[in-house]
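Colleague: Hi! Could you walk me through this one? I'm still new to reading structures.
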Amino acid sequence: MKNRAFYKKLFALVLPIAVQNLMTALVSASDALMLGFLNQDALSAVSLATQAQFVLNLFYAALTIGTTILAAQYWGRQDAEAVEKVLAVALRFSMGISLAFFLAALLAPGGIMRVFTDDPVLIRLGIPYLKIVGWSWLFMGISQIYLCIMKNSGRTLRSTVYGSVAVFLNIALNAVLIFGLFGMPGLGIRGAAIATLISRAAELLCVLWENRKKEEVCIRWTALKNGGGVLQRDFCRYTGPVLANELVWGCGFTMFSVIMGHLGSDAVAANSIANIVKNIIACFCLGIGSGSGILVGNELGRGDLSRAKEYGGRLCRIALGAGALSGLVLLVFSPLILGFAGTLTPRAKEYLQVMLLICAYYLVGKSLNSTVVAGIFCAGGDTRFGLLCDAVTMWIVIVPVGMLAAFVLRLPVLAVYFLLNLDEIIKLPAVYRHYRKYRWVRNLTVQEDSGAPAAGTS
């Protein structure tokens, strides 16, 4: 009975989250596929321009993890008022960050593109994309945090529905606006940006409609003006290391694109498609990671530390199996993927074929690390380990080795790509050792009147 209850709760969380992750990944896939039909330069330019949104997504990821850390535990304690206060705190940070990125895209799009490439053609093509898509970031500053709260307050399915509506709209508008279907003008790269903008606006409208239901956890606009007190202090305490971790990892990952961006358009195009495929295949694994944080956090918030520890062990085994299965699926579908990459040059296709093989082993490590580090550890407020682990892995090992291989030793493109994708594998021994210390088994909820930890803290 306990096993059935565990798997019922797990898949009630994982499947909707995985579907939403898949829908989001399919937007990038549709952009790449449709722009690839135009020409390789359009594909490469947009893939580099979207690196700015990738960096913004790192901030959103940190804020949503920080939100989940507290919201999952307080929801487990059945304290809806505290969850609403966490929502208000997270929104204040998210809206400010979104505004900063929007202004950068509007005022300095060329500077952003030059960070990732020195090719004047790709820079010229990427500028209009950034100027348009930057407006969508203002909408995401609200919608992404609210959708996260929905997952943590028993509305995971509705959250997935709203996110999926935006995704389907984006894909449909991509086809219409990029190619000029149904009498519309063919706008190419600008069409892809406009499609993203409209779909994000629709997502925000769905969120605001949901927010009308005052019986649910919702945005209390007056709360945005108030200080967060103890909850804001805790939010900053646990989110700070997560944000630093996301930036350390994400900026390192962005350096991968910088390195590949200076190895030629063929390398950029193949790397873009390989990353898209990797993100699509990894959706279920990342769903397990997100669900793990909520599931373990609920038990910790209830004070049932032994059950949270038991769930952690099960989730690790599930994540390992999911990663291996994901890698196998990628290998099976590799010929089909290569068939869709029809507009790539012969050299870019050769690169892509080997990159897909490399991605298969990467997924095993990614699945386990996302579940343990970003899910289980964060559920108990153990956020500093991930920062230390990624700082060493990315900036002391992988990025220097990649730059040395690409620019000093001038190794072949595929050798450089292989080295850049070792980060998730070399972290595993350290992650396992830290997991066994069980520092993540903690109840973080506090009594509002005293600020003292709730009973059951360990």
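Modeller: Happy to! Let's begin with charge: the chain carries 39 positive and 24 negative side chains, and the centres of those two sets lie 3 Å apart. Keep in mind that this is a predicted model.

Colleague: Thanks! How many helices and strands does the chain have?

Modeller: There are 16 helices and zero strands. The radius of gyration is 22 Å, close to the 23 Å from the globule rule for 458 residues, so the chain is as compact as a globular protein of that length.

Colleague: And what box do the C-alpha atoms fill?

Modeller: Along the principal axes, the box is roughly 65 × 45 × 40 Å.

Colleague: What share of the residues is buried?

Modeller: Buried residues are 57% of the 458 in the chain. As for the accessible surface, it comes to about 18,500 Å², and carbon and sulfur atoms account for 67% of that.

Colleague: What about contacts along the sequence?

Modeller: If you take the contacts with a separation of 6 or more, 83% of them join residues 24 or more positions apart.

Colleague: Is Met23 buried or exposed?

Modeller: Met23 has a relative accessible area of 9%, and the cut-off for buried is under 20%, so Met23 counts as buried.

Colleague: New topic: which residues of α14 are buried?

Modeller: In α14, residues 413-420, the buried ones are Val413, Val416, Tyr417 and Leu420. They cover an arc of only 100 degrees around the axis, so they sit on the same side of α14.

Colleague: Why would residues spaced like that point the same way?

Modeller: An α-helix has 3.6 residues a turn, so residues three or four places apart point the same way.

Colleague: Nice. What covers the buried residues of α14?

Modeller: The cover includes α8 (229-261), α9 (265-281), α12 (346-379), α13 (384-408) and α15 (423-426).

Colleague: Could we zoom in on one residue from α12?

Modeller: Let's pick Tyr351, which lies in that helix. Tyr351 is buried, with a relative accessible area of 14%. Not counting residues up to four places away in sequence, Tyr351 touches Asp266, Ala267, Ala270, Val413 and Leu414.

Colleague: How far apart are Tyr351 and Ala274?

Modeller: In sequence, 77 residues; in space, 9.5 Å from C-alpha to C-alpha.

Colleague: What about Tyr438?

Modeller: Tyr438 has a positive phi too, near 55 degrees. Tyr438 is in the segment after α16 (428-435) and is partly exposed, with a relative accessible area of 22%.

Notes:
Residues are numbered from 1 along each chain as its sequence is written. This is a predicted model: local features need pLDDT of at least 70, side-chain atom pairs count only at pLDDT 80 or more; totals for chains, interfaces and linings use all residues. Side-chain values use heavy atoms; hydrogens and water are left out. Helices (H or I, at least four residues) and strands (E, at least two) are DSSP runs, numbered from the N terminus. The radius of gyration is taken over C-alpha atoms; the globule rule is 2.2 Å times the number of residues to the power 0.38. Buried means under 20% relative accessible area, exposed over 50%, partly exposed in between (1.4 Å probe, protein chains only). Contact means heavy atoms within 4.5 Å. Accessible areas come from the Shrake-Rupley method with a 1.4 Å probe; for residues, only the protein chains shown count as cover. Lys and Arg count as positive and Asp and Glu as negative; His and the chain ends are not counted. The place of a charge is taken as NZ of Lys, CZ of Arg, CG of Asp or CD of Glu. The arc is that of the directions from the helix axis to the C-beta atoms.
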